[in-house]
Amino acid sequence: VNSLKSLYGQVDSLPSKVSNINGWIKSVRLLKKVAFIDIQDGTILKELKIVVPFDSQSNLSSEVATFLKSLRTGQSIAIKDAKLVETEGREQRFELNITDPIDNISIIGNVSESYPLQKKYHSLPYLRTLPTLKHRTSYLGSLLRFRSELEYNMATFFKLNQFTKASPPILTGSDCEGAGELFRVEANGYVEKKQHYFGKPTYLTVSLQLQLEILAMAFSRAWSLSPCFRAEESDTNRHLSEFWMMEAEWCFTKDTKELTTFVKDMIQYITRESYKNFDDFIPKNIPENCLPRNELLERWETLLRDESWNTITYTEAIEILQKRDKEVPFPNYRPIWGEALQSEHERWLSESYFKGPTFVTDYPRDCKAFYMKLNPDGQTVACFDLLVPGIGEIVGGSIREDNFELLSKEVSRRQMNKNGELDWYLSLRKEGSVPHGGFGLGLERFVSYLYGNHNIRDAIPFYRAASGNID
Ligand code: 4AD
Ligand code: MG
């Protein structure tokens, strides 16, 4: 069986005949002398055109006519023994010619009369109401193929940099970020008994970082790619309740600059590799609100130029946002030092002020999680967020506090670890502790940034979000 991807991948000698191709019908057109059937098989964005000579006038062909008229968008079909013809100058390099459709085409699975994915524009909000079918559309199908490609490139990057991939657990007793956005897990039978299945409250993880630090202490460099869960109150096009986070943690690093350089190199590597197959992934027709192809290319090219990347401290970001300048569009609300940046501020900084990816470093410690290393100024921590145009924050990372006394003090100051749930984490600082750091990248935000889709709900096959339905 040939896949369309393998067929389109053949560079020099095309076979003159193909014996077996399977796919789904995208559209059927019956003209006076010819019928065109476009199929896709999901291995590649491209479709394949099947050309059937068809004399609609001739009564000889009535059986053929009845057969061709029974073909519908959405049906799955198998094609055997078709002639492959090169089509110079057309969009597709070749098409299939079929002379005996009844013999050469067989319908594998029919579709209902109400099959909704007809050959016309469907908006993304509408497609989101079709979770069982939407992935068959060019834009959404391609988006997930792109995500898959990106994951392969990501894995290669880490392999090239001597990282070991490891998978910490999803069920956990600790709240890594300390933000209380936890989903609690209860075992049904135990709820009635008023007991905890694991003997203590258990949650779905918000981040694998704490356990990844254990593994980094064994491998020097460790990374993971895993679902994370947050009971977010924010219900925006950038928030999911279940999302995937790529996390990396490595030892013997002391300097935020080393982390941000690594993140830039990683993003550039993945972008460059994924960029190679631009036309295989980015359809000609882009849905409403999503980035048009030319702007997407611009975004990618910007990313690949080192000069487009910016780094400022949080304190500098506040100074910029505080300017009573007409260009700063927040007349009513400008953050003062010590306050978190709001997503509008973050977006504006990277999108309008710097017009490129922007690292903001050294936030006040109370804006950030407990594990970050305190800077010598005693007020800020050695951390960074990466802000990008169109999305806002896609990466967060820091140097970790590796000193047992300082970390214990911070944990107590925040009234964490009341039941000793962080004892294991603190104990790491007593056994061959080393300076180390790492970061987490939201996969759906990253994919959406590189693909240009407007809502990260489309960058995951089945989204779970505050206002989403559970099916
Ligand atoms: O900034 P966050 O909360 O950082 C951490 O969890 C660290 N423990 C990671 C680490 O250092 N190992 O989350 C990291 C990234 C964010 O920058 C964002 O891209 C993504 O995870 N993220 C979300 N993506 C989609 N929906 C949500 N609700 C998200 N929350 C965070
Ligand atoms: Mg963050």
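This is a predicted model: local features need pLDDT of at least 70, side-chain atom pairs count only at pLDDT 80 or more; totals for chains, interfaces and linings use all residues.
Residues are numbered from 1 along each chain as its sequence is written, and chains are lettered from A and ligands numbered from 1 in the order in which they are written.

Where the domains meet, five residues of domain 1 are in contact with eight residues of domain 2, contact being defined by C-beta atoms, placed from the backbone, that lie within 7 Å. The side of domain 1 that touches domain 2 has four nonpolar residues, one polar residue and no charged residues; here Ala, Val, Leu, Ile, Met, Phe, Trp, Tyr, Cys and Pro count as nonpolar, Asp, Glu, Lys and Arg as charged, and the others, Gly among them, as polar.

The secondary structure comes to 15 helices and 17 strands, which are DSSP runs numbered from the N terminus (helices H or I, at least four residues; strands E, at least two). Of the 471 residues in the protein, 34% are buried, a residue being buried if 20 or more other C-beta atoms lie within 10 Å of its own, exposed if 12 or fewer, and partly exposed in between.

The largest nonpolar core has 77 residues, of which Leu 386, Ile 394, Leu 441 and Val 447 touch the most other members. The largest share of this core, eight residues, comes from helix 5 (residues 138–160). A second, separate core of 19 residues includes Ile 21, Ala 35, Ile 37 and Leu 48. A core in this sense is a set of buried Ala, Val, Leu, Ile, Met, Phe, Trp, Tyr and Cys residues joined through C-beta atoms within 7 Å. Leaving aside residues up to four places away in sequence, Leu 441 touches Met 245, Met 246, Ile 394, Val 395 and Phe 446.

Around ligand 1 there are 23 residues, and Ser 207, Gln 209, Gly 396, Gly 440 and Gly 442 come nearest, where a residue is near if its C-beta atom, placed from the backbone, lies within 6 Å. Strand 12 (242–251), strand 16 (392–399), strand 17 (436–442) and helix 15 (443–451) each give two or more residues to this shell, whose residues divide into eight nonpolar, eight polar and seven charged.

Helix 15 is largely enclosed by the rest of the structure, because nine of its nine residues are buried. Its buried residues, including Glu 444 and Arg 445, pack against helix 5, strand 12, helix 8 (256–275), strand 15 (383–388), strand 16 and strand 17. After helix 15 comes Gly 452, whose phi is positive, near 90 degrees.

Asp 81, with a phi of about 50 degrees, has its place in strand 4 (residues 76–86) and counts as partly exposed because it has 13 C-beta neighbours inside 10 Å. Asn 289, with a phi of about 75 degrees, is found in the loop between helix 9 (278–281) and helix 10 (293–304).

Terms used: Two residues are in contact if their C-beta atoms, placed from the backbone, lie within 7 Å.
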